[in-house]
Amino acid sequence: MNHLKRHNPSQLPAWKALQDQVGRINENTLTGMFKADPDRVNRFTADLPELHLDYSKNLIDAEVMQSLLDLAVQTELGHGIEQLFSGAMINETEERAVYHMALRAPKDAVMEVDGENVVPAVHSVLEKMETFVHSLDSDWKGFSGKKITDIVNIGIGGSDLGPVMVVEALKPYQVSGRRVHFVSNIDGSHISQTLAELDQETTLFIIASKTFTTIETMTNAHTARKWFREKGSESDVRKHFVAVSTNIEAVEKFGIDSRNAFEFWDWVGGRYSLSSAIGLSIMVAVGPRHFRDLLSGMHAIDQHFQTSEFENNLPVILALLGIWYTNFLGAQTEAVLPYDQNLQFLATYLQQASMESNGKMVDRSGKRVHYDTGAILWGGAGTNSQHSFFQLLHQGTHLIPCDFIIAANPTHTLGHHHDLLVANALAQCEALMQGKPEKQVRDELAAMPPEKIEQLTPFKVFSGNRPSTMIMISKLTPFNLGRLIALYEHKIFVQGYIWNIFSFDQFGVELGKQLAKAIEPEIKGDVKPEKHDASTNNLLLKFKSWKRY
Ligand code: F6P
């Protein structure tokens, strides 16, 4: 049964209308469009309490925006959203619901998967997490009777990136003196360097894996266990290892007490799981109250997304802008640029959320798509990024729409730093849009000899007309962070829906894993590499001739 409708967006009237409008937009400029439309800022801004979205510096006009909204209507996006929120199996290739919204629903909500209200189970796990975190502050002791001072989350992908990003983002809200560490890479450097600073007596590991089979996580978990057993006994393992997984059987097999296993469900996608028990490391770092605030922020956006008209619906607006750039203006990438050091891992987190979801070339009917899907997402924190890749944003040849994120208030007391930070964010958007025309460059160089002016002018011109979106929040609080995350989650859903692809599977990560399994014995033993292509065979032989461990 098809839970999500099938369509070819490129055959819809709105798609064709958008194609017809590219010429007009390309002939125009952002500054020209601002001059021509005194109401542009009002037209292209949207507000939620303490969250302001300004998308007026995008390469759109009222007609383009209308056609984008028509595209949403013509693809029956409303039906898609209804299906998402109904708990239908919209992850059709894996026969699962996509129901991360249930993870942040209030206790009295009713959200059903397969006829069963899942909200009570969600809250029961949340309470179990809270009890665990409180016990770390009170009676939970390591095997030698000492308190736990260090928590190591071992996970990868969705079982790592969200918690890493949020723990960093909410550093100013950390409540306990405990340190939280993250180990994800199978590269032994990651775990060995982390463990080198730790003491078995005071360290607790959270093994976070939806499947509890992921090779990186299980290899790191076994290494951690071995390290622990250098001092602790087998029966002490349960005091130092807890798990978060949908696979409780495998957790028990590993030797973790099922009472210390925090459950989640197959209707939570890995990259959408930070609001599940996968967020245990977040709760450990910031405490239950801030974790609940994070969930409330996500829930607020879930409701906004579910109930708002498309023209005022922030995730829908962000998604449509992305489609405009990807499918009509030829942009290949998009940048996320938070002007907030604590959001330094936001782009890395969103890379998985967006690119693992929408990096697909087959539509929901199993046919090759003939239009581009998921943009390449990248970015970094301002102002550091200004001193690395902003050169290309301002004077490079690529069209790169940028999301800027700023908070009106800092989480520290150095107000003059924050003034400068915000000034830079606003200035960058202005510079991208306005550029610097030749005349201005020549005027600025006027004191130089004429031949020098001729030589330098072309290099100092900024073409401008480069688009950006600004998301301003009142302050980076757990609630506002939750809202930001859910905004992007739903943006990704809308894009995948309109592109007529399945956003919630990830078969593309499987092939490399399969091949690695075949190569591993050849790396380890005397097996002669011969089954591969000539290049891989040669690399294997070279590697083995150099291998000294
Ligand atoms: O990269 C593939 C993937 O399946 C991700 O979708 C997931 O977040 C990650 O691996 C980790 O999976 P698990 O939580 O099952 O260890």
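Analyst: A polar contact is a pair of N or O atoms within 3.5 Å, where, within protein, one atom must be able to donate a hydrogen and the other to accept it. The model discussed here is a predicted one.

User: What makes the pairing of the side chains of Glu334 and Lys491 a polar contact?

Analyst: The side chain of Glu334 lies 3.2 Å from that of Lys491 in this contact, and the cut-off is set at within 3.5 Å, so the pair counts as a polar contact.

User: Why is Glu334 called buried?

Analyst: Glu334, which belongs to strand 10 (residues 333–338), has a relative accessible area of 9%, and because buried means under 20%, the residue is classed as buried.

User: Which atoms of Ser209, and at what distance, face an oxygen atom of the ligand?

Analyst: An N or O atom in the side chain of Ser209 is 2.6 Å from an oxygen atom of the ligand, whereas for Lys210 a backbone N or O atom lies 2.7 Å from a ligand oxygen. In the case of Gln352, a polar side-chain atom is found 3.2 Å from an oxygen atom of the ligand. The protein buries 86% of the 390 Å² that the ligand exposes when taken alone.

User: What kinds of residues make up the shell around the ligand?

Analyst: The shell divides into 2 nonpolar, 9 polar and 3 charged residues, and of the 14 residues around the ligand, those that come nearest are Gly158, Ser159, Ser209, Thr211 and Thr214. The space that the ligand takes is the largest pocket.

Technical notes: Residues numbered from 1 in each chain as written. Predicted model: local features only at pLDDT ≥ 70, side-chain atom pairs only at ≥ 80, totals over all residues. Heavy atoms only, no water. Near = heavy atom within 4 Å. Areas by Shrake-Rupley, 256 points an atom, 1.4 Å probe, with all protein chains shown as cover. 1 Å grid on protein atoms, 1.4 Å probe; cavity = no way out; pocket = protein on both sides within 12 Å on 5 of 7 lines; lining within 4 Å. Sits in = over half its atoms within 2 Å of the grid points. Nonpolar A, V, L, I, M, F, W, Y, C, P; charged D, E, K, R; others polar. Helix = DSSP H or I, 4+ residues; strand = E, 2+ residues; numbered from the N terminus. Buried < 20%, exposed > 50% of the residue type's maximum accessible area, 1.4 Å probe, protein only.
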